[in-house]
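Hi,

Here is the structure I promised to pass on. Have a look at it first, then read my notes below.

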Amino acid sequence: MILVTGGAGFIGSNFVLGWLAGIDEPVINLDKLTYAGNLKNLEAVQQDARHLFVHGDICDAALVGSLLEKHKPRAIVHFAAESHVDRSIHGPGEFVTTNVTGTFVLLEAARAYYAGLREDERKSFRFLHVSTDEVYGSLGPDDAPFAETTAYAPNSPYSASKAASDHLVRAYRHTYGLPTLTTNCSNNYGPYQFPEKLIPLMIANALAAKPLPVYGDGQNVRDWLYVGDHCTAVRRVLQDGRPGETYNIGGWNEMTNVDVVHTLCDILDELVPKRGSYRDQITFVADRPGHDRRYAIDARKIERELGWKPAETFATGIRQTVQWYLNHQGWVSDVQSGEYLKWVEKNYAARNTTQERTA
């Protein structure tokens, strides 16, 4: 049995669904069900006896400790996090609480639990911490991609909180001997992603005939990783990763934000044609504060040591993603609650439009 935190969120739910589809091992799924946690993501395993959902907070030390003592998991896979940069700019406190304090609580509980295991159980136990490439800061156009040895230089409250959690995980390995693993991934996309993030937001707005807001000049570069590939990589690290090591997980798909939006518009033009192009809805808006210019991941270590490579190119992954959202418009409508609409208004309406044109 494994314990997964944040397993009702975007990446966590994809991991749980993939795990139960391919591995006959039970999962305890601990999730607070904040705005981005959604039990509808897990409908396919609702009646699966191997899936035990627990509604709770990783900051609740008593709850976490009781789950470990009762269920005796062989591993903790820690996805739970506040993850949206724009939200961290508006309200950094929640990011510090969940990402830093929550990770600390988990580590303390894991340390106490690990100390009580038999020697053979200790050898197989793992604490896998899922993090982000944003901890490394921003790259220039000609800089080498982020490697596992790149110095940390976080530039947003979100990335700073994740960097802090990474450092705690490292310290618990070095000081207490806890068998930890850390993964730092690039930008994920795919099914069940909450529509505050770029790709699902653009799809939802395009279909609703709303503007497609692109920050600044749209030339910020990200490496795009299909969520199914990310989950496969996490499974590989959990299975064969060396305790104390960090593994960067990337898709080898560097693209500017505006090119991502162009690709989405072109696919929608093909699949849901309308009068004119969806590109006509692109609107350039004022950039967010401290917007990192470029991220890129060097994923050769995980390829070399664990034999993992992404199965999807951006072209194949993005088409699957668009089709999923077209087939699940009810899911999108359900998550676009009043609170979601308030957030969109707060984040985008106050931004001065810098240009309105077809891009």
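Predicted model: local features only at pLDDT ≥ 70, side-chain atom pairs only at ≥ 80, totals over all residues.

Let's start with overall shape. A compact globule of 359 residues would have a radius of gyration near 21 Å, and this protein comes out at 20 Å, so the two agree.

The average pLDDT is 93, and 94% of the residues score at least 70. Watch out for residues 352–359, though: the pLDDT there is below 50, although in the model this stretch has 22 contacts beyond near neighbours in sequence.

As for what the chain is built from, you'll find 13 helices and 13 strands. Take the contacts between residues with a separation of 6 or more: 82% of them join residues 24 or more positions apart.

Of the 359 residues, 54% are buried. The accessible surface is about 15000 Å², and carbon and sulfur atoms own 50% of that. On the charge side, there are 36 positive and 43 negative charges, and their mean positions lie 2 Å apart.

Is Glu 94 buried or exposed? Its relative accessibility is 52%, and the cut-off for exposed is over 50%, so Glu 94 counts as exposed. Then try finding Ala 44: in sequence Glu 94 and Ala 44 are 50 residues apart, and from C-alpha to C-alpha they are 30 Å apart in space.

Cheers

Notes: Residues numbered from 1 in each chain as written. Heavy atoms only, no water. Helix = DSSP H or I, 4+ residues; strand = E, 2+ residues; numbered from the N terminus. Rg over C-alpha atoms; globule rule 2.2 N^0.38 Å. Buried < 20%, exposed > 50% of the residue type's maximum accessible area, 1.4 Å probe, protein only. Contact = heavy atoms within 4.5 Å. Areas by Shrake-Rupley, 256 points an atom, 1.4 Å probe, with all protein chains shown as cover. Lys, Arg positive; Asp, Glu negative; His and termini not counted. Charge placed at Lys NZ, Arg CZ, Asp CG, Glu CD. pLDDT = per-residue confidence, 0-100.
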